[in-house]
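The questions below ask for one in each case.

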Amino acid sequence: MADNEKQFEIDIESSLTSAEGGWQKATDTGYRTGIQVDSMGVVLENYALDIETLCAFVKATQPVAWALFEKRCKSDPQKKFYKAFQNAVDMNGLVNVLRHGFKHRGITFRVCYFRPESHLNKTAAGLYAANVCNVVRQWHYSAANKKSVDMVLVVNGIPLFALELKNQYTGQNVNNAKEQWMYDRDPRELCFQFDKRILA
């Protein structure tokens, strides 16, 4: 077996994307579309999520709410949905929005569905099954640099869990991963702010 982080990534990804794991392999391409940079190279906006996947999930699971939202906003619904989502996260935190959803102008949206207590309710089971769970290797989180997180677990386009992998065969351990997270990750990046994106 290769003694490097890349092989470790491959092994974890293979396990997660297996039939038992149930996750889907994805890239960080969708996260780059939400990054806007001016001519001087200054980052104007970074969604720090895959807005296309999030909106597709909402459209598929809440078609009536989405149709009403589109009718009211008239133009650029993805950008307006991002702003509504981000306002809710800024006000209540991501954990609260994941658990309870959020309201925008009287329309309630859910950004994920949790496992129902029983499978007797087919609607609840179907909504839970509609969640899009992705594993992304080498998740580039900023337009300001080329740094990346080794792996990120994403639900409906929202990055929730980050994995920094270290290899004992090259003399690294969990403390190296902790130090990298503490000193090599800019806490001003939206994806690293407390209760805004990555939770653990």
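Q: How many aromatic pairs does a search of the whole structure find?
A: The search finds 12 aromatic pairs, a pair being rings of Phe, Tyr or Trp (its six-membered ring) with centres within 6.5 Å. The model is predicted: local features need pLDDT of at least 70, side-chain atom pairs count only at pLDDT 80 or more, and totals for chains, interfaces and linings use all residues. Residues are numbered from 1 along each chain as its sequence is written, and side-chain values use heavy atoms, without hydrogens and water.

Q: Why is the pair of Trp 66 and Phe 69 called tilted?
A: Their planes are 45° apart, with 5.3 Å centre to centre; under 30 degrees counts as stacked, over 60 as edge-to-face and the rest as tilted, so the pair is tilted.

Q: What makes the pair of Phe 85 and Phe 102 edge-to-face?
A: The planes stand at 70° and the centres are 6.3 Å apart, so the pair is edge-to-face.

Q: Why are α4 and α5 called roughly perpendicular?
A: Their axes, lines fitted to C-alpha atoms over the stretch in contact, with angles from 0 to 180 degrees between N-to-C directions, come within 10 Å and cross at roughly 105°. Angles under 35 degrees count as roughly parallel, over 145 as roughly antiparallel, 65 to 115 as roughly perpendicular and the rest as oblique; α4 and α5 are therefore roughly perpendicular.

Technical notes. Helix = DSSP H or I, 4+ residues; strand = E, 2+ residues; numbered from the N terminus.
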